[in-house]
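Hi,

Here is the structure I promised to pass on. Have a look at it first, and my notes follow below.

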Amino acid sequence: MRFLLSQEFVDIKEYIELVFTDYTLRTITLGTAILGAVTGMLGSFAVLRKQSLLGDAISHAALPGIAIAFLITGAKDTNTLLLGALVSGLIGTFWIRGIVTKTHLKSDTALGLILSLFFGFGMLLLTFIQKQPNANQAGLDKYLFGQAATLVESDVWTMAIVTGICLLVMLTFWKEFKILLFDADYTKTLGFNTKTIDILITSFIVLAIVLGLQTVGVVLMSAMLLAPAAAARQWTNSLSVMVLLAAIFGAFSGVFGTAISASQNNLSTGPVIVLVASVFVAFSFIFSPSRGLLFKQIRFIKNRRDLELHKTLAFMYNIAETHEDISHPHAIKLLNNFQGYTRSTLQKLVDKDYVKIDGNMWSLTERGFETASNLYTKQSTEDE
Amino acid sequence: MENTIAVKVDDLTVAYNYKPVLWDIDLEIPEGVLMAIVGPNGAGKSTLIKAILGILKPIAGSVSIYGKPYEKQRQLVAYVPQKGSVDWDFPTTALDVVMMGTYGSLGWIKRPGQKEKKAALEALEKVGMLAFKGRQISQLSGGQQQRIFLARALVQNASIYFMDEPFQGVDASTEIAIINILKALRKAGKTVIVVHHDLQTVPEYFDWVTFLNVKKIATGPVKDIFNDDNLTKTYGINYKVSIQE
């Protein structure tokens with residue numbers, strides 16, 4: 001066991017060295033990290049706008065664009081194909097908006113419709129391309145699930161530049177983004193052109209999705225957008241911290257995902273990155289101090305116990321009050337009339353020095369009496 | 001004095017699909033009144049406010065503020081939306097929401113600074129929420145959230161305030177706090193227009209009233225037109241409100 005651990009330790013050390021020395025690995029790690037950061041950042045906006053599904057629809061809508069770009073140019077140049085993806089992704093987005101504003105259909109219906117329509121059409125084109133005699137056609141289907149191994153330095157540069165522009169725009173229009181996300185109608189009354197802000201945000205989301213298609217693929221891309229943001233939301237109540245955290249979670253998902261897939265042969269990178277991001281989500285949902293399930297449950301149980309204790313104390317207070325001498329002893333039997341009474345709550349009250357027990361008689365202490373009477377006044381003032 | 005018209009609405013018609021929600025509304029609101037808009041559910045009360053503020057695009061009609069088109073007079077107008085229209089789980093604080101009231105005067109790109117923060121803190125104090133400035137907004141009660149929205153509008157330091165059901169879902173003490181603020185606004189010469197549901201409190205709270213049910217039924221001083229006749233016309237049934245006098 002010990003041996004195994006140290007063996008792994010050496011592996012990790014070796015791996016880190018490799019990341020800095022091996023060209024391919026360095027390119028892929030850098031690429032997935034940048035991709036994770038930019039999608040996490042923009043994903044925060046999508047999540048807060050309740051447009052989680054939009055990312056899914058956009059990425060699926062990008063597929064026919066890739067196929068058509070190949071059919072027109074006959075070459076597999078990444079930038080050309082992604083340009084096609086961008087165009088068809090944008091068309092899909094505007095169709096979704098059109099359907100929502102022009103018809104009675106709800107947005108989830110519109111998203112589902114566009115998603116399946118574009119994806120179906122894209123698949124059709126892919127099979128059509130595969131039947132072509134062109135020897136160049138092999139490998140277009142890598143855009144379904146992505147293939148990080150095909151990343152080259154120029155791809156990483158493209159990602160870095162887009163991320164830089166995106167960051168700049170976000171910082172410039174931070175105030176406008178924030179108010180639009182929170183209250184669009186109010187933003188309009190302040191004189192801002194909400195359509196411009198909206199288009200700006202949506203365009204960047206589309207751009208980020210398209211950037212990730214090569215690495216993560218059409219099918220899983222939306223997870224890159226949503227998972228880091230959903231995880232980040234659990235840890236903070238500030239928008240700026242949330243965006244920052246989502247970027248960090250996204251970047252780490254990229255780095256860890258690449259590391260796992262590189263050290264375990266034949267694991268494809270995209271799905272592994274998405275799984276790592278999901279681990280962030282699961283961990284955050286359970287262990288976040290303020291919103292996590294674990295601490296919520298602990299707080300819930302503790303509150304219940306406190307309440308039980310207070311109720312018992314209040315019941316005893318009512319009995320003690322009937323006597324002039326508050327520390328007059330009463331029979332423990334009396335407490336059985338109170339439904340919430342258990343022996344252990346009594347013991348807890350003794351431990352807190354609220355109650356004294358003498359044989360099978362109990363009496364309130366000075367402290368217990370004071371606490372109990374405060375409970376009453378506190379409750380009546382808290383009701384506002 | 002009373003004759004200055006703060007808000008003038010001409011021929012306003014709004015439709016969502018085929019059915020008109022508002023039909024041919026003409027309305028003149030004098031400066032310095034505290035006005036209730038009343039009418040049954042679906043009468044178009046919120047729609048009227050939203051159409052005046054340009055949130056909804058009307059099919060026909062125009063709105064002028066102090067004699068000029070609304071688009072040129074935005075800085076004179078503040079809006080308090082319905083509390084339920086936003087997601088209160090949004091990651092931000094009470095102070096931050098109130099600061100949003102300063103964004104309009106800042107314009108594009110410019111960030112709020114110390115001056116804006118001071119104005120926001122003052123507004124929070126006016127609504128009795130200064131102690132909650134750093135509180136995450138989801139941790140506020142319904143009444144407190146309403147006060148935050150009110151403070152955000154106060155920061156705008158406008159001349160005309162439009163409020164969409166500010167008393168909805170708030171407790172008695174918040175209702176009193178809010179109406180006191182509205183009365184103070186009127187005293188300062190501001191015009192306040194409120195979508196209101198509780199007919200019993202209209203005579204006590206407001207001095208001006210508009211009856212609305214797709215069409216405008218009546219508008220004028222509460223003491224002249226808040227009567228059974230107009231209520232029946234608006235609500236369709238023989239509506240009797242006992243006005244103690």
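Predicted model: local features only at pLDDT ≥ 70, side-chain atom pairs only at ≥ 80, totals over all residues.

Which residue forms a salt bridge with K175(A), and how far apart are the closest N and O atoms? The partner is E176(A), at 3.1 Å. A salt bridge here is a side-chain nitrogen of Lys or Arg within 4 Å of a carboxyl oxygen of Asp or Glu.

Residues are numbered from 1 along each chain as its sequence is written, chains are lettered from A and ligands numbered from 1 in the order in which they are written, and side-chain values use heavy atoms, with hydrogens and water left out.

Now the interface. Chain A puts 31 residues in contact with 36 residues of chain B, contact being heavy atoms within 4.5 Å. About 3000 Å² is buried between the two chains, with carbon and sulfur atoms giving 60% of that; this is the accessible area (1.4 Å probe) that two parts lose on being put together, summed over both. On the chain A side, K175(A) turns up again: with F182(A) and Y186(A), K175(A) loses the most area to chain B, the three together making 27% of what that side buries.

Five salt bridges cross between chain A and chain B. One of them pairs K178(A) with D96(B), with 2.4 Å between the closest N and O atoms. D96(B) sits in helix α2 (residues 94-99) of chain B and K178(A) in helix α9 of chain A, so this pair joins two chains. (Helices are DSSP runs of H or I, at least four residues, and strands are runs of E, at least two, numbered from the N terminus.) K178(A) is buried, at 9% relative accessibility.

You'll find D183(A) in the loop between α9 and α10 of chain A, buried at 3% relative accessibility. Leaving aside residues up to four places away in sequence, D183(A) touches P81(B), V86(B), F149(B) and R152(B).

Elsewhere, R49(A), R97(A) and D198(A) are linked in a salt-bridge network. In chain B, D10(B) bridges to K8(B) at 3.2 Å; D10(B) is partly exposed at 27%, and K8(B) is partly exposed at 28%. Over all chains, the count is 13 salt bridges.

Cheers

Note on methods. Buried < 20%, exposed > 50% of the residue type's maximum accessible area, 1.4 Å probe, protein only.
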